[in-house]
Amino acid sequence: MSTKKSKIIAVLAVIILAGIYYYVTLPAINIHESGFWFFLAAVVAVILVIYGLRRRNSFHSVKDIKENKIIKVGLGVIILIAVVYLIGSVLSSPIVNAKKYQKLITQTEGDFTEDIEQADFDRIPLLDKDSAVLLGNRKMGSMVDMVSQFQVSDLYSQINYQGKPVRVTPLEYASPIKWLTNQKAGIPAYITIDMTTQNTELVKLNEGIKYSMSEYFNRNIYRHLRFRYPTYMFDQLSFEIDETGTPYWICPVKKFNIGLFGGQTIGRVVLCNAVTGETVDVPVDECPTWVDRVYPAELLIQLYNYHGTLKNGFLNSVLGQKGCLKTTEGFNYIAMDDDVWVYTGITSVTGDRSNVAFVLMNQRTMETRYYPVSGAEEYSAMDSAQGQVQNLGYKATFPLLLNISNEPTYFMALKDEAGLVKKYAMVNIQKYQNVAIGDTVAECQKQYTKLLSGMGISNAGGSDNLKVSGAIEKMAQAVIDGNSHFYITLTGKDGIFDVPVVDFPQIIGYDIGDTISFEYSEGSPANTVIVIE
């Protein structure tokens with residue numbers, strides 16, 4: 001074989017191997033991307049290996065290899081890449097940029113009673129992700145025409161959809177063989193779960209999803225994005241639907257604000273239609289309002305931890321830790337202002353099992369609100385709730401933060417070993433020994449209101465409740481979760497009023513035509529009676 005041919009073959013081999021490596025690993029062609037530096041080093045290493053193999057007959061000893069100029073230059077390039085990477089990593093780290101990291105996120109102090117409206121359980125997510133997964137799998141198992149070909153993805157993105165908290169997740173191919181037989185038509189549906197009513201729906205599409213994480217070649221969403229945007233560094237992708245139900249991949253683009261690799265936030269957002277693959281690239285501040293998840297919760301938590309721990313410098317965050325605050329171990333989501341906000345408590349770095357405040361962070365805009373409300377740390381509240389049902393062995397979900405009678409309150413579900421919700425609990429943040437338990441949300445809220453009244457909180461007895469009186473027009477009895485309820489309508493009054501017999505046994509003495517007066521809280525489909533006068 002001639003020298004010219006062997007050189008051409010060597011060059012082609014390098015190109016092919018580099019192409020395969022790039023196709024599989026998909027590094028961004030960007031100096032801020034760690035994978036790009038490894039890609040460069042790998043390409044140089046492959047060139048040296050191929051060169052060494054071609055010249056192997058001229059190398060009679062290790063000394064010959066070391067003295068070869070090409071190999072010396074190649075190894076020098078690899079060392080240079082490693083040095084630049086290491087120096088860039090150090091110069092980008094909080095060790096030398098504590099002040100810059102601390103200022104990546106800006107917080108404003110909010111007013112709890114003004115910012116967070118009184119709890120409306122028509123818009124409060126009563127389920128956590130684990131419960132949503134159970135409902136999604138159960139729904140998929142009932143779809144006999146699809147269950148053998150597809151399975152449910154574990155994404156379950158929480159979004160606001162048409163004013164309600166919803167988790168949405170696509171289907172995915174059950175195996176490579178199922179992909180081969182179905183990929184032409186694409187994935188035919190996605191699943192939505194209403195987090196307030198537990199209503200689970202499998203939404204079938206007129207045209208299947210062609211771009212997803214379960215595709216294997218060019219229609220794989222990561223590869224599709226990489227070939228369209230070779231320099232973009234993408235953070236976690238999320239699956240969402242717009243207000244018309246069209247499925248999209250929300251693809252946040254990383255922005256590094258400190259050195260080569262430090263101070264990551266989000267600079268742009270790519271919206272990819274999951275059916276057609278069409279993309280729209282916009283700056284993060286121009287992202288459409290129907291999009292809910294631009295900043296991953298984990299990124300927001302990390303940014304706030306920088307803000308809380310580095311206020312007095314890096315050394316203080318490690319040694320003295322004076323004034324250092326951090327987020328608690330878990331987080332949850334709150335629907336507010338038609339956006340999804342990440343909620344988490346703020347505690348001292350010493351981990352004293354109490355919170356000094358809590359924060360809300362907007363997943364679309366990164367807006368951060370700080371509320372100086374001290375009280376129990378979330379896991380302490382969870383333990384307190386579990387203690388009320390320890391004989392049943394129920395486990396509490398990570399709590400939501402609610403405004404109940406202008407009191408900051410933890411709300412959580414209590415689940416059995418099978419992961420099914422059995423009861424609900426409300427725990428006062430500032431006095432977490434006060435726990436209300438109920439089989440239903442309405443019952444739990446009523447018990448909690450009584451607790452607040454016993455604590456001497458004046459507005460708990462019903463200043464926020466409504467009053468009504470009139471003659472009973474209709475009266476019907478029903479059994480809900482093993483408890484008797486009377487449903488009443490009053491002459492000339494709108495609405496249905498729910499009276500639990502266990503709390504108001506005197507209701508049995510009333511009949512149609514009798515006059516009655518009570519306080520109630522608004523609800524749907526029935527208002528809940530709080531006090532019978």
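**Close-up views of a predicted model**

**View 1. Gln386 sits in helix 12, which covers residues 378–388.** Everything in these views comes from a predicted model. Is Gln386 buried or exposed? Gln386 is buried, because its relative accessible area is 18% and buried means under 20%. Leaving aside residues up to four places away in sequence, Gln386 touches Tyr394, Lys395 and Ala396.

**View 2. Asp194 and Lys164 join up in a salt bridge.** Side chains of opposite charge can pair when their charged atoms come close. Here the N to O distance is 3.4 Å. The two partners come from distant parts of the chain, 30 residues apart: Asp194 belongs to strand 5 (residues 187–194), and Lys164 to strand 4 (residues 164–173). Look at how the two partners sit: Asp194 is buried, at 14% relative accessible area, while Lys164 is partly exposed, at 25%. This bridge is one of 11 salt bridges counted in the model.

**View 3. Asp337, Glu367 and Arg369 form a network of salt bridges.** Zoom in on Glu367 and Arg369, and you'll find their closest N and O atoms 3.0 Å apart. Which of these two is buried, and which is partly exposed? Glu367 is partly exposed, with 33% relative accessibility, whereas Arg369 is buried, with 15%.

**View 4. Lys422 pairs with Asp416 in another salt bridge.** The closest N and O atoms of this pair are 3.8 Å apart. Lys422 has a relative accessible area of 37%, so this residue counts as partly exposed.

**View 5. Tyr229 and Tyr232 make a stacked ring pair.** A pair of aromatic rings is described by the distance of the centres and the angle of the planes. How many such pairs turn up across the whole structure? The search finds 23 aromatic pairs. In the pair shown here, the ring centres of Tyr229 and Tyr232 are 5.1 Å apart and the planes are at 10°. That angle is why the pair is called stacked, since planes under 30 degrees apart count that way. Both Tyr229 and Tyr232 are buried.

**View 6. Phe112, Tyr343, Phe358 and Tyr371 belong to one ring cluster.** What holds this group together in the picture is a set of ring pairs, which link Phe112, Tyr343, Phe358 and Tyr371.

**View 7. Arg223 places its charged end over the ring of Tyr23.** How far is that charged end from the centre of the Tyr23 ring? The distance is 4.2 Å.

How values were computed. Residues numbered from 1 in each chain as written. Predicted model: local features only at pLDDT ≥ 70, side-chain atom pairs only at ≥ 80, totals over all residues. Heavy atoms only, no water. Salt bridge = Lys/Arg side-chain N within 4 Å of Asp/Glu carboxyl O. Helix = DSSP H or I, 4+ residues; strand = E, 2+ residues; numbered from the N terminus. Buried < 20%, exposed > 50% of the residue type's maximum accessible area, 1.4 Å probe, protein only. Contact = heavy atoms within 4.5 Å. Phe/Tyr/Trp six-rings, centres within 6.5 Å; stacked < 30°, edge-to-face > 60°. Lys NZ or Arg CZ within 6 Å of the ring centre and 35° of its normal.
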